[in-house]
Amino acid sequence: MYPIIRLAKAILLDRNTPIDIFQPLVTRHIAWPWDIDPWMDLNNGRTLTLFDLGRVAQMHRAGLFRALRANRWGIVVAGNTTRYRRRITMWQRFEMRTRCIGWDQRFLYLEQAMFRGGDCCNHILIRAAVTSPKGIVPPADLCRAMGLPPESPPLPQWVQDWIRAENERPWPPQL
């Protein structure tokens with residue numbers, strides 16, 4: 001079940017405090033019993049859902065949702081890669097950090113991580129597409145609608161390498 005109450009909290013908490021699209025947003029969470037898998041860890045599917053909440057809060061405070069609504073656009077995850085390195089178990093508190101890295105001609109790139117104390121537990125790179133009935137909206141158009149310059153800062157090399165690897169990946173898969 002989607003955590004609707006957590007979603008409302010993500011949107012309503014500090015909603016009147018705008019942030020720069022590149023400014024990391026820090027949110028705090030608890031691993032509740034319904035977030036836990038049979039091995040007593042934060043479930044990997046729930047981890048992805050919680051990352052959704054971090055992106056919603058960051059995009060809302062950065063003004064992206066206002067531009068989406070004004071233009072009747074949507075936003076979807078078009079790809080991701082996740083690393084899991086440390087356990088998050090029931091009742092543990094953790095913080096999530098979310099930031100936009102930049103964009104290319106088709107996609108926005110965001111990174112998020114969950115931290116317990118000073119330890120990074122997991123990290124995700126998200127490729128997101130802004131959509132309209134006509135297809136993918138170039139991120140430069142989104143930026144103009146947000147009153148931002150259309151040029152992205154340079155993407156880090158590891159993100160460029162991931163984009164290159166994704167472009168070589170066969171689609172559809174050969175299963």
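Contact means heavy atoms within 4.5 Å. Keep that in mind for this tour of a predicted model, where local features need pLDDT of at least 70, side-chain atom pairs count only at pLDDT 80 or more, and totals for chains, interfaces and linings use all residues. Residues are numbered from 1 along each chain as its sequence is written, and side-chain values use heavy atoms, leaving out hydrogens and water.

**Stop 1: L64.** Select L64. Leaving aside neighbours within four places in sequence, L64 is in contact with M59, I75, L108, L142 and M146.

**Stop 2: the core.** A nonpolar core is a set of buried Ala, Val, Leu, Ile, Met, Phe, Trp, Tyr and Cys residues joined through side-chain atoms within 4.5 Å. Buried means under 20% relative accessible area, exposed over 50%, and partly exposed in between (1.4 Å probe, protein chains only). The largest nonpolar core has 36 residues. Select L64, L108, M114 and L142, which touch the most other members. Now colour α2 (44–61), α3 (64–71), β3 (93–103), β4 (108–116), β5 and α4 (139–146): each gives two or more residues to this core. These helices (H or I, at least four residues) and strands (E, at least two) are DSSP runs, numbered from the N terminus. The largest share, six residues, comes from α2. Apart from this core lies another, of nine residues, including I101, Y109, A129 and V159.

**Stop 3: D119.** Move to strand β5 (residues 119–132) and select D119. Is D119 buried or partly exposed? D119 is partly exposed, because its relative accessible area is 37%. Beyond neighbours within four places in sequence, D119 is in contact with R86 and M114. Finish by selecting F94: its C-alpha atom is 9.8 Å from that of D119, 25 residues apart along the chain.
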